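Welcome! Open the viewer, keep the selection tool at hand, and let us walk through this protein together.

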Amino acid sequence: ALALVWFRNDLRLDDNPALQAALDAGYVPVPVYIHAPDEAGDWRPGAASDAWRHRSLAALDARLRQRGSHLRHFFGPSLATLQSLIAMSGAEAVFWNRRYEPAFERRDAHIKQTLRAQGVRAESFNSALLFEPWTVRTRQGGPFKVFTPFWKAVLAQWQHAPCGDAPARLPYRDDGPAGVPLVALKLAPRRDWDRGFWNEWTPGEEGARAALDTFVDGALRGYATQRDRPDRAGTSRLSPHLHFGELSPWRIASALERERNARNAADIDAFLRELGWREFAHHLLHHFPDTPSQNFDPRFNDFDWAPATEARLAEWRDGRTGVPIVDAGLRELWATGWMHNRVRMIVASFLTKHLRQHWRHGARWFWDTLVDADLANNTLGWQWVAGTGADAAPYFRVFNPLLQAQKFDPDGRYIARWLPELASLPLPLRFAPWQDPQALQRAAPEYPPQPNVELAAGRDRALAAYRKLRD
Ligand code: FAD
């Protein structure tokens, strides 16, 4: 008998419980992908995400073909498509791995219920998280709102789930509709603005595995101290691979545990803790499904954000604020689809505090431009920096972009890389080029002569708005 294996954000064969369950139950798996961006509600995938997905689906298809099968693509809606595939192929079951975005949780629950009512075996699995949101609870049985106790609870129940290997061969039957070619889904950009991405990234399971190996052999050593340095390749860059499910978190955890020794134990623990933030973000999104658009802390509903002007936002998006560390980050994002975590915090703080723009504007830009755009992680990141979130940095902690640059990019190399027009400026002028207008004019006549907000004044206005709210 046939079973549909409905691929979503689990674009891998290794350690894929839905695929494995179909095989274990003796079915011939029919791998399908259904393109239904409208079902994501307010959060249709952004452009960078689509560009990645196009390549990741192609990579998955290649892996399936090596094993005698292939991926079939269809247009949504998901439920109707599954139903017609079942009718046309005679499939008896549908297996998939769960997602935790509120719109998908609702949709998938409905699909499961409907299919079961029609006598179809419909089952879902965890492929994306170490621990699913409802399996970690406070002593009172509720959700966590603070990271440290959440992570403690996770560590207390930590038990390595065994990882399943990718099957060497897949049974195949040529039944049912063939679907449309991948290009018909129009995920790849029409103009190649994503050109710069693909020197940096290899979407798909093999690229993910290579990135993990590179990290374990390289940046893992010293991760605990180097992870904050955007001028060094000090982090794993696994985030897009994790988002698309090209690599399982338990696979990562077991690869790290195999390497554990006295010298790298602190680095491994620091890295697992970051995976823990990813878990926490999914926990919060599941239990507080309004937070992608609503302040977690409702007191901020009355906050005095500055009026949003398109010009202001465009300066920030394009990396033309006149503050080099901020502009460098936004240019890295545009060029590569990714930004270092430290710099994400700096640019987010600048937008929400110095420019006093609602975090929603920044979250939307990240959503469209990040290859790792992830509703859980992006929501947590923005609300954390803005001070409106669960367990957030307090609003009154305003990142000083100059001090941040001096501390985390001490040689100005990150700035020079992404703002080459400033590379000839000596340090510390490169951090604050407005301090010598003539040198700046000579080196970079196009670069803004002044920051678009005077830093001290911007900070004071943010704190004043906060005091108004508090009092
Ligand atoms: P590493 O340091 O190697 O960490 C390993 C993995 O842990 C990451 O791949 C990621 O899955 C997870 N992780 C690390 N830090 C965090 C964190 N703070 N929160 C949640 N998970 C984390 N991450 C996304 O994956 N998608 C987003 O859309 C996203 N938006 C963000 C927005 C803002 C404003 C901020 C401050 C952070 C955001 N992050 C987001 C979190 C973090 O910046 C990235 O996960 C990280 O930079 C990815 O690089 P890496 O894989 O080299 O990280």
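Which loop holds P77? Select P77 and look to either side: the loop runs between β3 and α3 (78–89). Keep in mind that you are looking at a predicted model. While you are here, check the peptide bond from G76 to P77, which is cis, with omega near 5°. Most peptide bonds are trans.

**Stop 1: the sheet**

Five strands make an open sheet with parallel pairing, and their order is β3-β2-β1-β4-β5. Colour β3 (72–75) and β5 (121–125): both stand at the edges with a single partner strand each, so one side of each has no neighbour in the sheet. From one strand to the next, the twist averages 30°.

Now select β1 (residues 2–7) together with β4 (residues 93–97). These strands pair in the parallel sense over four bridges. Move on to β4 and β5, where the parallel pairing has five bridges. Here W96 stands opposite S124 in β5.

As you look along the strands, watch the side chains. In a regular strand they alternate between the two faces of the sheet.

**Stop 2: over the helix**

Together, β4, α4 and β5 make a right-handed β-α-β unit.

**Stop 3: a helix called α1**

Next, select α1 (17–24). How many of the eight residues of α1 are buried? Six are, so α1 is largely enclosed by the rest of the structure. The buried ones are P17, A18, L19, Q20, A21 and A22. Show their surroundings and you will find them packing against β1, β2 (28–35), β4 and β5.

Just after α1 comes G26, with a positive phi of about 85°. Most residues other than glycine have a negative phi.

Is D15 buried or exposed? D15 counts as buried, because 22 C-beta neighbours lie inside 10 Å and the cut-off for being buried is 20 or more.

**Stop 4: further along the chain**

Select D391, in the loop between α15 (375–386) and α16 (401–408). This aspartate also is not a glycine, yet D391 has a positive phi of about 50°. D391 is partly exposed, with 17 other C-beta atoms within 10 Å.

Then go to P428, in the loop between α17 (413–418) and α18 (437–443). The peptide bond from L427 to P428 is cis, with omega near 0°.

**Stop 5: the domains**

Finally, zoom out and colour the protein chain by domain. There is domain 1 (2–127), then domain 2 (129–160 + 205–287), and domain 3 (298–470). The centres of domain 1 and domain 2, taken over C-alpha atoms, are separated by 25 Å. Their contact takes 16 residues from domain 1 and 17 residues from domain 2. What kinds of residues are on the side of domain 1 that touches domain 2? They divide into five nonpolar, four polar and seven charged.

Definitions and conventions. Residues numbered from 1 in each chain as written. Predicted model: local features only at pLDDT ≥ 70, side-chain atom pairs only at ≥ 80, totals over all residues. Pairing = 2+ DSSP bridges. Helix = DSSP H or I, 4+ residues; strand = E, 2+ residues; numbered from the N terminus. Axes fitted to C-alpha atoms, helices over the stretch in contact; angles between N-to-C directions. Right-handed = clockwise from strand over helix to strand, strands pointing away. Buried ≥ 20, exposed ≤ 12 C-beta atoms within 10 Å, placed from the backbone. Domains from an automatic or database assignment. Contact = placed C-beta atoms within 7 Å. Nonpolar A, V, L, I, M, F, W, Y, C, P; charged D, E, K, R; others polar.
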